[in-house]
Amino acid sequence: MNSFQLYLTLGFQHIINIHGYDHIVFVLTLCAAYSFSEIKKVLILVTAFTIGHSVTLALSTLNYVLIPAPVIEFLIPVTIFITAVSNLFPAKEGRQKLIYIIALVFGLVHGLGFSNYLKELLGAETSIVQPLFAFNVGLEIGQIVILSVYFLILGLALKLFRVKHHIWRIFISGAAAGIALTLIIQNKFWG
């Protein structure tokens, strides 16, 4: 297996790893407010998030940004909680650009969480550009898989079980908020 393929695979496996479920929960929560007919908005949203986490993943891996891991491990569930709570309120017209910016900022936080893992993987690599790019591509392929499964399940819930989308949004967001609160308590970095 060549280096690109290795890091691509590692990025993919890292994102879909059930033991690192916080990122999966965030992506699902981010999408919960949207129906399949709004897939363009979802793609822009996920792209904004991707840009954010790619930037900080690179900056942190290159040691330009150094934030203690306990702070990041606390902030990641905070982003999930804020996203989940915001899903409980109907989006007002004209707020979509703000939501994209928030996704970008939250992506910055999540990228810092991936960076510690990637730093360990890179070890003594002479150039990190290709491994960093491959890892990011693997992460994105994983996110696409997560979104595909999510929208398949959403479609089944809406069509077969006649679940109303607003009930689905509340259910997903409520579950995510509960998971996030648990993680926030577990990851508090003070006292």
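The legends below describe close-up views of a predicted model. In this predicted model, local features need pLDDT of at least 70 and side-chain atom pairs count only at pLDDT 80 or more, while totals for chains, interfaces and linings use all residues. Residues are numbered from 1 along each chain as its sequence is written, and side-chain values use heavy atoms, with hydrogens and water left out.

**View 1. Helices α2 and α3 cross each other.** Helices are DSSP runs (H or I, at least four residues) numbered from the N terminus. The axes of α2 and α3, which come within 10 Å, cross at roughly 145°; axes are lines fitted to C-alpha atoms, for helices over the stretch in contact, with angles from 0 to 180 degrees between N-to-C directions. The crossing of α2 past α3 is right-handed, a term used if the near helix is turned clockwise from the far one by less than a right angle. From α2, the residues H23, F26, L30 and C31 meet V42, L45, V46, F49 and H53 of α3, where contact means heavy atoms within 4.5 Å. Sorted by class, this contact has 7 nonpolar residues, 2 polar ones and no charged ones; Ala, Val, Leu, Ile, Met, Phe, Trp, Tyr, Cys and Pro count as nonpolar, Asp, Glu, Lys and Arg as charged, and the others, Gly among them, as polar.

**View 2. F26 and F106 form an aromatic pair.** The structure holds 10 aromatic pairs, meaning rings of Phe, Tyr and Trp (its six-membered ring) with centres within 6.5 Å, called stacked if the planes are under 30 degrees apart, edge-to-face if over 60 and tilted for the rest. F26 and F106 are edge-to-face, at 6.2 Å centre to centre and with 65° between the planes. Because F26 lies in helix α2 (residues 21–31) and F106 in helix α5 (residues 96–122), the pair ties together parts that are 80 residues apart in sequence. F26 is buried at 0% relative accessibility, and F106 is also buried at 12%; buried means under 20% relative accessible area, exposed over 50% and partly exposed in between (1.4 Å probe, protein chains only).

**View 3. Y150 and W168 belong to an aromatic cluster.** The ring centres of Y150 and W168 are 6.0 Å apart and their planes are at 50°, so the pair is tilted. Y150 lies in helix α6 (residues 129–159) and W168 in helix α7 (residues 165–186), so this pair ties together parts that are 18 residues apart in sequence. Both Y150 and W168 are buried, and together with F36 and F151 they form one aromatic cluster.

Key. Helix = DSSP H or I, 4+ residues; strand = E, 2+ residues; numbered from the N terminus.
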